[in-house]
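Reader: Got a model to go through. Can you put it up?
Author: Here.

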Amino acid sequence: MKRPWAEQGALLAVLCVAATSQAGSEKESLLPKIDGWKISDGPTGYTPETLFEYIDGGADAFLQFDFEDLTAATYTRDDLRRGKNRPGHDATAPTKAEISVDIYRHKNAVRAFGMYTQERAAGTTSLPIGIEGHAGADHLQFVVGRLYVKLVQMGPKDPPLLRQFAEKLAASLPGTREAPAVLKAFPERGKRVRAEKFAARDFLGQSFLHDAVAVPYEVEGASFRLFVVEGKDSADVSTMVKRYRAIGKSDGGANSEGAATVKDPLNGGVALRWKGRWLWGAVDHPCPERQSLLDELGQRVAALER
Amino acid sequence: MNKVERRDFLRLGMGGIAAGALSAGCATMASSQERKTLSPAATPAPQPAPAAPAAMEPPRRILGRTGIKVPTVSMGVMNADNPNLVRAALDGGILLLDTAHGYQDGRNEEMLGTVLRDRKRDAFVLETKVFVSTLDRKTGLFSKDTRGEEIEEKLDISLKRLGLDHVDILYLHAQSAREGVHHESICKALEKAKRDGKARAIGVSTHKNEPEVIRAAVEAKLYDVVLTSYNFRQDHHLQVQQAIAEAAQAGLGIVAMKTQAGVFWDKEKTSPINMKAALKWALRDPNVHTAIPGFSTLEQLQTDLEVLRNPTLIEDEKRSLEAPKVVGFFCQGCDQCLEPCLQKLPIPELMRSFMYAHAYRNRQAAQSLLLELGLPEFPCDDCDTCAVRCAKGFDVRQRVRDIARLRAVPREFLI
């Protein structure tokens, strides 16, 4: 009896991933045909082993966020007519344009969004492209599903054209357009806009704290951060709590559920709360406002489970 | 972190490194006498570094003609987004911080800025790198439209992020060919940055074709420092070592990076490299003035500070840097597996197919061979235990089960 094809899927996936580079067709599937544009260079693929050849020491941060592969290419067009078929109707703009496209694929959408937050300046204006995007004069970045996309316009700057290109590219890419659910847990009051940062590992400089997101707050002159850590399960969170409490003076109750303050040699007094697979807390500048928001955060974390 | 917490950190985390010992005044220009005493050794072969003195002061070396005196262990900041970790590193005795214009799209430099604004300017050494966008990474050559001004523009942005009026070392980032290192407009821009006081010293960084780049930096008579990959796993580490010696002889400062050699021995990240030993290996070379291991946790910082205090590579550590014994892929065809196998499987041929698939990555050849063997549908499934003991140590049953599945994969998917 032949095993059904579906059962061979795992093997097939292993074989495909294990290949030295992706098949050309896979790369191109992330690089759609966009009207008026052609791919003038690439696609070129990079793996976790070769990413440093492309972005040097910057590769380490991507690897921390479970980077899987990168597809890089350059799109060009030379048929732009001034004032007509280009956004913004800029009569002085050149007729040629070139955009480099880097598509970083991560293990999942949370990791891709996490890497995006690492490279996003706090308070930057967000663009409704994919889950979220932001742009400068000659570059635009966005995240969609488990893909983190970085565009750079070579030569003369033309932000409207770059944005139009990004929207077309994003529309063709697979994956969720929803931000990670954990962000909903953070209260809005005092929250610094678009300043949340994810940490896949080594959160707060501690090797045992993983899968965290921290959000800075400014309330009545006090600056502090609230954070949420999503453990694999309650045992995972218990282990994190136990190890954290072991490194500094700590008060509080049992490791399975409760609250404590850890005197962290790196980060000062850290307020911790935990229940089930969630660990949340606050760091920097204790104050009544921080306490109030921490309580609210706890209620919202509980709602994530429902 | 307030003062009390810093004391706690030192007590809890550092175990005796005195922060004050290395604070203000460390980054002073060394005297000419000191420079003479550090003149590179005639022989390039690494010498064991002298054991650290019992005193609290960790060893420092002079960064070539820059005269900047730095502890042998510095911090690669690219993995750290926690300013408190950088503060702890500085308090623990680290002086030189390495970042780049492009790390985390500038967020890394911004984070460092929040730390450095509270420090005296002579209490740290800051180096950053600027990548020129017209560099073809494949060839290492700059395109015709390369503008040296890009360096100045990016450096100005970096200085703003860092909150500094100058960096101590400015590197031309990621060079891999002589021509790139000698590019006229780039060289002029780097010289201008130094002349304008925006960089005390200029350098070049490389992690590909390092010997060529290092020698090009010497020839250019422009650069003060080279930042190079250097680790025990490089196949060409002897060539890198020789080029480093020549550069040090010519008066260049040498900063080593990627000393941790990938952190793990294996792709699956199950077998970690001895980080302490790997760092010590690089620092054995007296021509390496400092190394910039990246770290993002308190434990890693502690490990690096232990190396800073005692860089001597002991025998056990040396042995730990020998590659783990691997079973490998090659079947020697001794046929001792054939008799014990109850299924009478053609094991040597199956091992050969396994080698084609996983070592040569030629899955088509592996499948062709498999299809010739007339195997049962599910080989090995009928035996509770495997009686075969391979002379090479292969896990025969696991390999047979793994490779046999390749028969069912459509040919067009085999790449």
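Reader: Which residue is the bridge partner of Ile103(A) in β6(A)?
Author: Val149(A). Strands here are DSSP E runs of at least two residues, helices are H or I runs of at least four, and both are numbered from the N terminus. This is a predicted model: local features need pLDDT of at least 70, side-chain atom pairs count only at pLDDT 80 or more, and totals for chains, interfaces and linings use all residues. Residues are numbered from 1 along each chain as its sequence is written, with chains lettered from A and ligands numbered from 1 in the order in which they are written.

Reader: How many bridges join β3(A) to β6(A)?
Author: Eight, and the strands run antiparallel. Strands count as paired if DSSP finds at least two bridges between them.

Reader: And β5(A) with β6(A), how many there?
Author: Six, also antiparallel. Val143(A) stands opposite Tyr148(A).

Reader: Helix α5(A) next. How many of its residues are buried?
Author: Eleven of eleven, residues 109-119. Buried takes 20 or more other C-beta atoms within 10 Å of the residue's own, with C-beta atoms placed from the backbone.

Reader: What do they pack against?
Author: Among others, β3, β5 and β6 of chain A, together with α4 (107-116) of chain B. Packing rests on contacts, meaning backbone-placed C-beta atoms within 7 Å.

How values were computed: A residue is buried if 20 or more other C-beta atoms lie within 10 Å of its own, exposed if 12 or fewer, and partly exposed in between; C-beta atoms are placed from the backbone. Two residues are in contact if their C-beta atoms, placed from the backbone, lie within 7 Å.
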